[in-house]
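Here is a short report on one protein model. Please keep the sequence and the 3D view open while reading.

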Amino acid sequence: MNKRKFLSFISALTLGLTSLPFTNIYTAAEDKTAVSSASDNKLDAEKFYVVVGTYENNYTQLKYVYPNSNAGYSADKIVWENAPADLSYGDVLVSDGNEKKTLVYSAPDNPVYAMASYYKLDDTAVLNKVGNCSDLMDSKELTVTSAMYDGSGHWSIHLNDEHGKEYYYGYSSYGSTLGVDLFGCKTGDKYQFAFNDGKLVVPMAKKNDTETVTTVTTSSAPQTTTTTPTENTQKKSYWIFYNDIDTKDIDETVAEKVHDYTYSLYEQGIGGSEAEMKIADYSQEIRLGLLKEAYKEASSKILKELDVKGTGVFCSSFTPTIICSLTDEQLEIAKKSENIKQIDLLVDMELKPLVEFPDKNSFIDFFTKDVDGNPVLDSDVKVDAIFNSGSENKTDYLIVYGLPDVKAIDETVKKLKENSRLIWGSPIDTYSGSIFLIAKSSLPTNNLVQLIVFADDVLPGFTGYDPAIYSEKVGFDVKPYISFLGDTNDDFKLDSTDASAILSAYAKVQTDDGYVLSKDDIKKMDVDGNSSVDAVDASCILSYYTYTSTGGSGTLRDFLKTRNT
């Protein structure tokens, strides 16, 4: 079995940060530091932000902390571009809860860090400083019992206190400078952690045998360096790929919440492109949160089945993937499990090209045929390739197009995933023009490789971009891969112009004995599917045009199906 590296995941749990020379927009908010009667802590806030370092461009990075169902804290990585200049590591900030956060994928063109993400705090956000973790919270010394690095920037740290109680701390070092650096930590290292109401928050200092290192401020935070995991860390560790979750309930929940949110925007008088962007951001945020919970539950079931407990476990929040150490007995159980698709020994990740693809056909065959040379896609699926495109002209695209509808995209990509040489990382939402990232340790190209899938009769993009805008995004002209039934002038819309063109073609066929429509013309103009072009096809276009002009939605094919039932 070939080794696979599924690198399309990085947890949103993270830490890190510093400050910036911006105008001070927070207040001291002394009244928000009242002592709680139920705790010795001085922080009276259920949800709060902690300054943990800097992100790229020296933007302040925060950790947004909020309770979870396991009597602990969950955390999101937040980048605050307009943070004031006098913040320090461990400073605690609170808000009125109305600030907007936008999900950002920081490395979409990088197959290793594709799912590295953070939330960007809106420019209008106002956070109030209430103190520092060292003053507001309890402190406890913890000892590292295991540290696992997944090869893509994420560290899973397990620790014990002096009584043997276990704690977990996970973070992504991608793009971050951490105030207290756990990157490269090893078994036996000791750290002083801040605790709020008995819940672990952030590390405040690293200790050694002779002294306690003082709390690090953002101005003195060390730069993150890439450290290769030791051989002992990866020995007998495995990648486990389990059966993917069923997203039907998630999709329904997202649809309901988006419907209510859309209505609320319209009540506020927000419409057009502004509403579309807000709805897209909201949908992504809701779906991402539900996916995290679903993958957390699914991975927990797998670990329980294998009797894997305690430390040294990484569970992806975005894909059906687990990294953990297994005994020989556990490995045998995993191999026999109906819930596990594949198991691979975890080895050092290495991205290096082999020999360049000699031509386009070789490139296409590599990705669309299995190891025995058999096609993995149906014969009617169209495939093409574009080289040296994307950002900086360093992306090679495998393009699958002509699918009957958006629902066929997931099924088509599933077949490509069954190719034993490859694993494709799925985006959070599927739409025409969805981009899938290849996750593999080595490929016969120096470029990044991405898969784009188009469905007929649908504009590309989550909310339906103009093809020109989408083309600019991916770096090549996508118009040849987008087809609309009845669209005679290739403007990606159906109106009276198309109906008129169909009538003209029909009249010419009837009056000119030497005139014959080409196969492509018939395929595009034969709207009702009776293998001929006539006035009925033009009538269908006009009816559909009237339907959409009065608020109707959906494709022409959907409209015709509804009308014929």
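Is glutamate 256 buried or exposed? Glutamate 256 is exposed, because its relative accessible area is 54%, and exposed means over 50%, buried under 20%, and partly exposed in between (1.4 Å probe, protein chains only).

## Basis of the model

This is a predicted model, in which local features need pLDDT of at least 70 and side-chain atom pairs count only at pLDDT 80 or more, while totals for chains, interfaces and linings use all residues. Residues are numbered from 1 along each chain as its sequence is written, and side-chain values use heavy atoms, with hydrogens and water left out.

## Overall build

The protein has 12 helices and 22 strands. These are DSSP runs, numbered from the N terminus: helices are H or I with at least four residues, strands are E with at least two. Of its 565 residues, 48% count as buried.

Accessible areas come from the Shrake-Rupley method with a 1.4 Å probe; for residues, only the protein chains shown count as cover. Take the contacts between residues at least 6 apart in sequence: 66% of them join residues at least 24 apart. A contact means heavy atoms within 4.5 Å.

## A negative patch

Glutamate 256 sits in helix α3, which covers residues 248–267. On the surface, Glu256 gathers with Asp246, Asp249, Glu252 and Asp260 in a patch of negative charge. Patch residues have over 30% relative accessible area and no salt bridge; like charges are joined within 9 Å, and nonpolar side chains (Val, Leu, Ile, Met, Phe, Trp, Tyr) within 5 Å. Asp and Glu count as negative, Lys and Arg as positive; His and the chain ends are not counted. Each charge is placed at NZ of Lys, CZ of Arg, CG of Asp or CD of Glu.

## Salt bridges

Side chains of opposite charge can pair when their charged atoms come close. A salt bridge is a side-chain nitrogen of Lys or Arg within 4 Å of a carboxyl oxygen of Asp or Glu. By this rule there are 14 salt bridges. One of them joins lysine 140 and aspartate 161, with the closest N and O atoms 3.6 Å apart. This pair links distant parts of the chain, 21 residues apart: lysine 140 is in strand β8 (residues 138–149), and aspartate 161 is in the loop between β9 (154–160) and β10 (166–172). Lysine 140 is partly exposed at 28%, whereas aspartate 161 is buried at 9%.

Aspartate 378 and lysine 415 also meet in a salt bridge, at 3.0 Å from N to O. Aspartate 378 lies in the loop between α6 (360–368) and β18 (382–389) and lysine 415 in helix α7 (residues 407–417), so the pair ties together parts 37 residues apart in sequence. Aspartate 457 bridges to arginine 557, with the closest N and O atoms 2.4 Å apart. Aspartate 457 is in the loop between β22 and α8 and arginine 557 in helix α12 (residues 556–564), so this pair ties together parts 100 residues apart in sequence. Aspartate 457 is buried at 9%; arginine 557 is partly exposed at 33%.

Glutamine 450 belongs to strand β22 (residues 448–455). Its relative accessibility is 2%, so glutamine 450 counts as buried. The C-alpha atoms of glutamine 450 and leucine 398 are separated by 6.2 Å, though the two are 52 residues apart along the chain.

Serine 471 lies in helix α8 (residues 467–474). Serine 471 is buried too, at 10% relative accessible area. Leaving out residues up to four places away in sequence, serine 471 touches Phe476, Asp477 and Val478.
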